[in-house]
Amino acid sequence: MAYVPAADDPPYLRVGGEAAVRALVERFYDAMRELEPALARLHPCDESGRVARESRDRFALFLMGWLSGPQDYMAQHGHPRLRMRHGRVPIDTAMRDAWMRCMNVALAEAHLEDDVRLFLQARLGDVATFLRNREG
(Lines give C-alpha, C1' and ligand atoms only; values in the text may rest on other atoms or scores of the structure.)
Protein backbone atom coordinates (compact mmCIF):
# COMPACT_ATOMS: atom_id res chain seq x y z
CA MET A 1 0.00 0.00 0.00
CA ALA A 2 1.30 3.46 -0.90
CA TYR A 3 2.04 5.95 1.84
CA VAL A 4 -0.25 8.96 1.87
CA PRO A 5 0.68 11.70 4.37
CA ALA A 6 -1.95 12.80 6.84
CA ALA A 7 -2.06 15.43 9.58
CA ASP A 8 -1.59 12.70 12.18
CA ASP A 9 0.96 10.80 10.06
CA PRO A 10 3.32 13.35 8.47
CA PRO A 11 6.47 12.29 6.61
CA TYR A 12 8.55 14.04 9.30
CA LEU A 13 7.43 11.47 11.87
CA ARG A 14 7.74 8.57 9.41
CA VAL A 15 11.35 9.56 8.73
CA GLY A 16 12.03 9.62 12.47
CA GLY A 17 11.98 13.27 13.51
CA GLU A 18 14.75 15.81 13.79
CA ALA A 19 17.69 13.51 14.46
CA ALA A 20 16.77 11.26 11.53
CA VAL A 21 16.29 14.20 9.15
CA ARG A 22 19.66 15.62 10.17
CA ALA A 23 21.29 12.20 9.63
CA LEU A 24 19.63 12.00 6.19
CA VAL A 25 21.02 15.43 5.29
CA GLU A 26 24.51 14.46 6.49
CA ARG A 27 24.48 11.31 4.36
CA PHE A 28 23.10 13.24 1.37
CA TYR A 29 25.95 15.75 1.42
CA ASP A 30 28.55 13.06 2.11
CA ALA A 31 27.21 11.10 -0.88
CA MET A 32 27.41 14.30 -2.94
CA ARG A 33 31.07 14.70 -2.06
CA GLU A 34 31.78 11.04 -2.90
CA LEU A 35 29.65 10.64 -6.04
CA GLU A 36 29.14 14.13 -7.46
CA PRO A 37 32.06 16.37 -6.42
CA ALA A 38 31.22 18.98 -9.06
CA LEU A 39 27.76 19.30 -7.52
CA ALA A 40 29.26 19.53 -4.03
CA ARG A 41 31.53 22.37 -5.15
CA LEU A 42 28.47 24.48 -5.97
CA HIS A 43 28.05 24.80 -2.19
CA PRO A 44 30.41 26.44 0.25
CA CYS A 45 32.92 23.72 1.19
CA ASP A 46 35.69 23.35 3.72
CA GLU A 47 39.30 22.74 2.68
CA SER A 48 38.66 18.99 2.31
CA GLY A 49 35.76 19.53 -0.11
CA ARG A 50 33.09 18.73 2.48
CA VAL A 51 29.95 20.85 2.16
CA ALA A 52 30.01 23.40 4.97
CA ARG A 53 28.04 23.01 8.20
CA GLU A 54 25.91 26.09 7.46
CA SER A 55 24.58 24.57 4.22
CA ARG A 56 23.88 21.26 5.94
CA ASP A 57 22.04 22.90 8.83
CA ARG A 58 20.02 25.14 6.53
CA PHE A 59 18.93 22.22 4.33
CA ALA A 60 18.04 20.18 7.42
CA LEU A 61 15.79 22.99 8.66
CA PHE A 62 14.19 23.29 5.23
CA LEU A 63 13.66 19.55 4.93
CA MET A 64 12.10 19.28 8.40
CA GLY A 65 9.53 21.92 7.45
CA TRP A 66 8.96 20.44 4.00
CA LEU A 67 8.25 17.08 5.66
CA SER A 68 5.55 18.76 7.81
CA GLY A 69 7.74 19.02 10.87
CA PRO A 70 8.82 22.15 12.76
CA GLN A 71 8.74 25.28 10.61
CA ASP A 72 12.03 26.68 11.95
CA TYR A 73 13.35 27.36 8.43
CA MET A 74 10.43 29.71 7.73
CA ALA A 75 10.84 31.41 11.11
CA GLN A 76 14.57 32.00 10.56
CA HIS A 77 14.84 32.53 6.80
CA GLY A 78 11.35 33.28 5.50
CA HIS A 79 9.68 31.51 2.61
CA PRO A 80 12.10 29.15 0.85
CA ARG A 81 11.46 30.62 -2.65
CA LEU A 82 13.30 27.63 -4.09
CA ARG A 83 13.34 28.73 -7.73
CA MET A 84 14.66 32.18 -6.83
CA ARG A 85 17.32 30.81 -4.46
CA HIS A 86 18.50 28.30 -7.07
CA GLY A 87 18.21 30.66 -10.04
CA ARG A 88 21.95 31.48 -10.06
CA VAL A 89 22.78 27.80 -10.60
CA PRO A 90 22.25 26.36 -14.09
CA ILE A 91 20.17 23.25 -13.40
CA ASP A 92 19.62 20.85 -16.27
CA THR A 93 18.45 17.24 -16.31
CA ALA A 94 21.97 15.94 -15.65
CA MET A 95 22.30 18.10 -12.53
CA ARG A 96 18.83 17.15 -11.38
CA ASP A 97 19.74 13.48 -11.81
CA ALA A 98 23.05 13.94 -9.96
CA TRP A 99 21.19 15.54 -7.04
CA MET A 100 18.70 12.68 -7.01
CA ARG A 101 21.46 10.05 -7.08
CA CYS A 102 22.86 11.54 -3.89
CA MET A 103 19.45 11.81 -2.26
CA ASN A 104 18.59 8.24 -3.24
CA VAL A 105 21.77 7.01 -1.53
CA ALA A 106 20.78 8.88 1.62
CA LEU A 107 17.20 7.59 1.49
CA ALA A 108 18.34 4.01 0.91
CA GLU A 109 20.64 4.16 3.92
CA ALA A 110 17.98 5.77 6.15
CA HIS A 111 16.23 2.42 6.70
CA LEU A 112 12.81 3.83 5.88
CA GLU A 113 9.76 1.73 5.18
CA ASP A 114 9.60 1.11 1.42
CA ASP A 115 6.35 3.04 0.95
CA VAL A 116 7.77 6.10 2.73
CA ARG A 117 11.06 5.94 0.80
CA LEU A 118 9.20 5.66 -2.52
CA PHE A 119 6.94 8.57 -1.56
CA LEU A 120 9.95 10.75 -0.70
CA GLN A 121 11.85 9.77 -3.85
CA ALA A 122 8.86 10.76 -5.97
CA ARG A 123 8.17 14.06 -4.19
CA LEU A 124 11.84 15.07 -4.03
CA GLY A 125 12.14 14.15 -7.69
CA ASP A 126 9.24 16.48 -8.42
CA VAL A 127 10.99 19.32 -6.57
CA ALA A 128 14.29 18.64 -8.35
CA THR A 129 12.51 18.69 -11.71
CA PHE A 130 10.70 21.91 -10.78
CA LEU A 131 14.08 23.57 -10.13
CA ARG A 132 15.38 22.82 -13.63
CA ASN A 133 16.08 26.09 -15.38
CA ARG A 134 18.02 24.88 -18.42
CA GLU A 135 17.22 22.60 -21.34
CA GLY A 136 18.81 19.20 -21.43
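This is a predicted model: local features need pLDDT of at least 70, side-chain atom pairs count only at pLDDT 80 or more; totals for chains, interfaces and linings use all residues.
**Aromatic pairs and the core: a short talk**

Let me begin with Tyr 3, which at 6% relative accessibility counts as buried, where buried means under 20% relative accessible area with a 1.4 Å probe and protein chains only. Residues are numbered from 1 along each chain as its sequence is written, and side-chain values use heavy atoms, with hydrogens and water left out.

A search of the whole structure finds eight aromatic pairs, that is, rings of Phe, Tyr and Trp (its six-membered ring) whose centres lie within 6.5 Å. In one of them, the ring centres of Tyr 3 and Phe 119 are 5.2 Å apart and the planes stand at 90 degrees, so the pair is edge-to-face, a label for planes over 60 degrees apart. Tyr 3 belongs to the segment before helix 1 and Phe 119 to helix 8, 116 residues apart, helices here being DSSP runs of H or I with at least four residues, numbered from the N terminus. Phe 119 is also buried, with a relative accessible area of 16%.

Turning to the core, the largest nonpolar core has 33 residues, of which Phe 28, Phe 59, Leu 63 and Leu 120 touch the most other members; such a core is a set of buried Ala, Val, Leu, Ile, Met, Phe, Trp, Tyr and Cys residues joined through side-chain atoms within 4.5 Å. Helix 2 gives the largest share, seven residues.

How values were computed
Buried means under 20% relative accessible area, exposed over 50%, partly exposed in between (1.4 Å probe, protein chains only). Helices (H or I, at least four residues) and strands (E, at least two) are DSSP runs, numbered from the N terminus. Rings of Phe, Tyr and Trp (its six-membered ring) pair if their centres lie within 6.5 Å; planes under 30 degrees apart count as stacked, over 60 as edge-to-face and the rest as tilted.
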